[in-house]
Amino acid sequence: MRGISRQHRRLSQGYVQLVERDGLLVPSKPRLRRGFPIKGLILTLIGFMLFKGFLFSQVGVINYNDRLDRLSQGTMIEQAGAWIMQDDPVTTAISGFMSNPF
């Protein structure tokens, strides 16, 4: 009786019904993921690199570098933005692919 009461208290805050292969409904508590969302971070990084490559291909190398030079002369936040937005091999590869896809 004590085991049944303990399980009832544990599952009373929320549970889901899982259907097993034999059709039996089994109550269980959903597991919460509390780890760092690595997949979201990677997708954000890929999206940012694609955005940088798109800007690089649309604005052009000379104008892009001029804008970065002006940005690097600004405040500390603008300098950090200029450092992040500087062209790198990945950005130039993405921009080359976007300007000539075939």
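Which residues does Thr91 touch, not counting residues up to four places away in sequence? They are Met49, Lys52, Gly53 and Phe56, where contact means heavy atoms within 4.5 Å. The model is a predicted one, in which local features need pLDDT of at least 70 and side-chain atom pairs count only at pLDDT 80 or more, while totals for chains, interfaces and linings use all residues. Residues are numbered from 1 along each chain as its sequence is written, and side-chain values use heavy atoms, with hydrogens and water left out.

Thr91 lies in helix H5, helices being DSSP runs (H or I, at least four residues) numbered from the N terminus. Thr91 counts as buried because its relative accessibility is 0%, the class being set at under 20% relative accessible area, with exposed over 50% and partly exposed in between (1.4 Å probe, protein chains only). The side chains of Thr91 and Lys52 are joined by a polar contact of 3.5 Å, that is, a pair of N or O atoms within 3.5 Å, of which, within protein, one must be able to donate a hydrogen and the other to accept it, and residues adjacent in sequence count only if both atoms are side-chain atoms.

Ser95 also lies in helix H5 and, at 7% relative accessibility, is likewise buried. Its side chain reaches the backbone oxygen of Thr92 at 2.9 Å, and Ser95 touches Gly53, Phe56 and Ser57, again leaving aside residues up to four places away in sequence.

Helix H2 (residues 38-59) and helix H5 (residues 89-99) pack at an angle of about 65 degrees, with their axes 8 Å apart; axes are lines fitted to C-alpha atoms, for helices over the stretch in contact, and angles run from 0 to 180 degrees between N-to-C directions. From H2, Met49, Leu50, Lys52, Gly53, Phe54, Phe56 and Ser57 meet Val90, Thr91, Thr92, Ile94, Ser95 and Met98 of H5. The residues of this contact divide into seven nonpolar, five polar and one charged.

Phe56 is buried, with a relative accessible area of 6%, and Tyr64 is buried at 6% relative accessibility. A search of the whole structure finds one aromatic pair. The rings of Phe56 and Tyr64 have their centres 5.0 Å apart and their planes at 75 degrees, so this pair is edge-to-face (centres within 6.5 Å; planes under 30 degrees apart are stacked, over 60 edge-to-face and the rest tilted).

Notes. Rings of Phe, Tyr and Trp (its six-membered ring) pair if their centres lie within 6.5 Å; planes under 30 degrees apart count as stacked, over 60 as edge-to-face and the rest as tilted. Helices (H or I, at least four residues) and strands (E, at least two) are DSSP runs, numbered from the N terminus. Ala, Val, Leu, Ile, Met, Phe, Trp, Tyr, Cys and Pro count as nonpolar, Asp, Glu, Lys and Arg as charged, and the others, Gly among them, as polar.
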